[in-house]
Amino acid sequence: MNDGTQNKKPQGNDILGFTRESTRQRLHSSLADLDHVRDRFVRNSLGNPFHKSLARFTANDFLRNFVGHSYSWTKNLGELAHLDMNIVRSVHQREILQVSNWWKELGMAKELKYARDQPMKWYMWPMAILTETGLSQERVLVTKPISFIYIIDDIFDVYGTIEDLTAFTDVVNRWECTEKDNIPDYMRMCFHALDDITNEFSLAVYKNHGWNPLCSLRKTWASLLNAFLVEARWLASGHSPTTQDYLDNAIVSSGVHVLLVHLFFILGERITPESVDHLENIPEIVSSTASILRLWDDLGSAEDEFQDGRDGSYVECYKREFQGSSEEAARDHVKKMISEAWKRLNKACLYPQPFTNSFSKASLNTARMVPLMYNYDDSHSLPLLEHHMKSLLFKGPTF
């Protein structure tokens, strides 16, 4: 008797999942019959699918695989790629100089000696996200709020007491710092610098696109600090949140919302009261990207560089909530969640209303950058990111 469950045809994402797994198995089984060049391509595609990779970061490695092989099309393609990379490299080197000078003049590195001092790493985010050569001003501007996501994260994770962090969060929520506010000097300096870059960013958006985003930017910074404070209080009190509570808060504390709000305004496309309101409420295109970042971070095998503080993680919450679960089972669950978040992000990008294709591409590139930013080795370094950084910014193409 057939109850309808046997031989049931897969639907929707099930079809894509079945096709992906079937293709993966076929490609893997074909490796023994391929020459070593094609073998490298197939292995690289299995480990780094095209849709989840950054073309600009992988182009050099792609073409290098053909060195010494007589493919007729590689010579012209290599010459074109060489010219393109030289143009792009010169643009990025100028931008890096602007970012480095700004960071040095700001003086935050001297004030916060144990916080991250990594302007090059911060610049790599907008460099990967905003790939059009003509978006030079936008990349430099976006690097500044990115740097403060990291700086404020370090303040909460390394420096501040709960009392100071609560007062600091109140200052940002009010967006006002007076003599009556009892916060340390480094927090006061941080707020004034944050105010400066937010005003600078808002002015640029207004000049370029005729919209003043100041209120929205202040609101998203306040949301970030509120989420940081929740995590700080959990840690200080020994409270163990549920996995759902942890992830709901982590979607905000990841900093992705702050980043994508800034990107939305600096791109300047389809800015309306309706789209701004939709963005402030953290739509799927933001929450899925944020989930990918935070869950990838939680899977990391090492703490971030120079970090003396300790954040919780979804893996820890999962093992406490589902007692008896092994580390391996928890990590497998997180990997499945990352895969599901990618599906939601893809769907949101296929139906981008009220956002534009440019914003959808920026969201995808943010997610694509995550594995490079959180793939630490045993020495707490980021070898893959460093490899691409040297290839793109300092070395000529080697194909």
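Trainee: Not counting residues up to four places away in sequence, which residues does serine 291 touch?
Mentor: Keep in mind that this is a predicted model. Serine 291 sits in helix 14, which covers residues 284-299. Leaving out residues up to four places away in sequence, its contacts are Leu247, Ile251, Ala341 and Arg344.

Trainee: And does serine 291 count as buried or exposed?
Mentor: The cut-off for buried is under 20% relative accessible area. Serine 291 comes in at 3% relative accessibility, so it counts as buried.

Trainee: Zooming out, what share of the protein's residues count as buried?
Mentor: For the fold, think 18 helices and zero strands. The chain has 399 residues, and the share of them that count as buried is 47%.

Trainee: Of the contacts with a separation of 6 or more, what percentage is accounted for by residues 24 or more positions apart?
Mentor: A contact here needs heavy atoms within 4.5 Å. Among those with a separation of 6 or more, residues 24 or more positions apart account for 71%.

Trainee: On to the rings: how do phenylalanine 264 and phenylalanine 355 pair?
Mentor: The protein has 13 aromatic pairs. In this one the centres are 5.8 Å apart, with 80° between the planes. Planes over 60 degrees apart fall in one class, so the pair is edge-to-face.

Trainee: How many residues apart are those two phenylalanines?
Mentor: Both phenylalanine 264 and phenylalanine 355 are buried. Phenylalanine 264 belongs to helix 12, while phenylalanine 355 lies in the loop between helix 16 and helix 17. The pair links distant parts of the chain, with a separation of 91 residues.

Notes:
Residues are numbered from 1 along each chain as its sequence is written. This is a predicted model: local features need pLDDT of at least 70, side-chain atom pairs count only at pLDDT 80 or more; totals for chains, interfaces and linings use all residues. Side-chain values use heavy atoms; hydrogens and water are left out. Helices (H or I, at least four residues) and strands (E, at least two) are DSSP runs, numbered from the N terminus. Buried means under 20% relative accessible area, exposed over 50%, partly exposed in between (1.4 Å probe, protein chains only). Rings of Phe, Tyr and Trp (its six-membered ring) pair if their centres lie within 6.5 Å; planes under 30 degrees apart count as stacked, over 60 as edge-to-face and the rest as tilted.
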